Amino acid sequence: MEDVYCYAVRYPTTVDDIFENSYIEFVTLHVPEKSVNQYKNKTPWSGFMEIVAIGNEGEEYYIAIRIGDGGVLLQPVELGKTYTYKVEPDDGWTVNTLTFNGQDMTGQLLDGQFSTPVITGDSELNVVFKQEASNIKSMKQTETSKVKVYAYNGTIKVVGAEDDAEVEVYNTGGIRIADGEGNCSISLDPGIYIVKVGNETFKISL
């Protein structure tokens with residue numbers, strides 16, 4: 001074995017010893033161009049002899065839409081085109097941020113619809129939802145809030161928070177798995193998470 005091709009924009013999650021006795025230190029791994037550094041910095045993928053970009057000839061492109069725990073929806077797309085999506089929060093939730101390839105596009109969400117920029121390669125669409133105020137007191141606290149929570153490339157990023165604001169991250173089972181303070185970045189495995197920043201609650205998919 002001399003070459004392995006992996007077309008996943010985000011490296012597949014697996015156990016670190018999955019390639020045990022496979023001699024990958026003598027094998028070249030081919031991945032999407034934008035993902036080369038991700039693979040180089042994540043075991044077990046970093047164990048390959050060389051990690052290089054897949055050529056463009058015959059390559060298919062996708063928008064990765066994170067909608068649930070443990071995976072993504074990959075929509076085939078064509079270069080040079082744009083795509084429109086309807087975003088509908090669940091009852092009691094509202095859109096906090098919408099990012100496309102890590103860029104904040106929330107201001108371009110009009111009447112619940114978002115149109116992508118012209119597609120130039122593999123892309124990722126991510127929406128973070130914020131829990132609406134449930135009473136007068138909490139509404140007064142949050143109506144002028146500047147807190148934004150973003151999700152991209154395996155990282156939860158909090159901006160606009162007070163320096164001493166407590167940041168708590170819970171999984172869908174209600175178990176606290178990470179924390180931070182103020183404006184911070186937290187790297188986690190793909191999944192659905194509940195993020196609490198002070199008195200505000202956000203639902204996020206990595």
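**Entry 1: Lys-203 and its partner**

I looked up Lys-203 and found that it counts as partly exposed, because its relative accessibility is 23%. My cut-offs are these: buried means under 20% relative accessible area, exposed means over 50%, and partly exposed lies in between, with a 1.4 Å probe and protein chains only. Next I looked for a partner, and Lys-203 makes a salt bridge with Asp-90, the closest N and O atoms being 3.5 Å apart. The two residues come from distant parts of the chain, 113 residues apart: Lys-203 sits in strand E17 (residues 200–205), and Asp-90 in the loop between strand E6 (84–86) and strand E7 (93–100). A salt bridge here is a side-chain nitrogen of Lys or Arg within 4 Å of a carboxyl oxygen of Asp or Glu. The names H and E stand for helices (H or I, at least four residues) and strands (E, at least two), which are DSSP runs numbered from the N terminus.

**Entry 2: What I am looking at**

I noted that this is a predicted model, where local features need pLDDT of at least 70 and side-chain atom pairs count only at pLDDT 80 or more, while totals for chains, interfaces and linings use all residues. Residues are numbered from 1 along each chain as its sequence is written, and side-chain values use heavy atoms, with hydrogens and water left out.

**Entry 3: The whole chain**

I wrote down 2 helices and 17 strands for the chain. Of its 206 residues, 42% are buried. The accessible surface is about 12,000 Å², and carbon and sulfur atoms account for 47% of it. Such areas come from the Shrake-Rupley method with a 1.4 Å probe; for residues, only the protein chains shown count as cover. I also looked at contacts (heavy atoms within 4.5 Å). Among those between residues at least 6 apart in sequence, 57% join residues at least 24 apart.

How many salt bridges does a search of the whole structure find? I got 6. One of the pairs is Glu-78 with Lys-81, with 3.3 Å between the closest N and O atoms. Glu-78 is partly exposed because its relative accessibility is 45%, and Lys-81 is also partly exposed, at 41%.

Then I turned to Asp-179 and Arg-176, whose side chains meet in a salt bridge at 3.4 Å, N to O. Asp-179 is partly exposed at 49% relative accessible area, and Arg-176 is partly exposed at 37%.

**Entry 4: A negative patch**

I found Glu-162, Asp-163, Asp-164 and Glu-181 gathered in a patch of negative charge on the surface. Patches are made of residues with over 30% relative accessible area and no salt bridge, like charges being joined within 9 Å and nonpolar side chains (Val, Leu, Ile, Met, Phe, Trp, Tyr) within 5 Å. Lys and Arg count as positive and Asp and Glu as negative, with His and the chain ends not counted. The place of a charge is taken as NZ of Lys, CZ of Arg, CG of Asp or CD of Glu.

I located Glu-162 in the loop between strand E12 (155–159) and strand E13 (166–171). Glu-162 counts as exposed because its relative accessibility is 58%.

Is Asn-126 buried or exposed? Asn-126 is buried, because its relative accessible area is 2%. I found it in strand E10 (residues 123–131). Leaving out residues up to four places away in sequence, Asn-126 touches Arg-66, Thr-97, Leu-98, Thr-99, Ala-151 and Ser-205. Thr-97 is 29 residues away along the chain, with 8.2 Å between the two C-alpha atoms.

Lys-34, in the loop between E2 and H1, is partly exposed at 38% relative accessibility. With residues up to four places away left out, its contacts are Val-9, Asn-101, Asp-122, Ser-123 and Tyr-152. Val-9 is 25 residues from Lys-34 in sequence and 7.5 Å away, C-alpha to C-alpha.

Then I checked for exceptions. Thr-43 and Pro-44 are joined by a cis peptide bond, with omega about 0°; Pro-44 lies in the loop between helix H1 (36–40) and strand E3 (50–53).

Asn-21 has a positive phi, near 65°. Asn-21 lies in the loop between strand E1 (3–5) and strand E2 (28–31) and is exposed at 68%. Asp-111 has a positive phi too, near 50°. I found Asp-111 in the loop between strand E8 (103–104) and strand E9 (113–115), and it is exposed at 74%.
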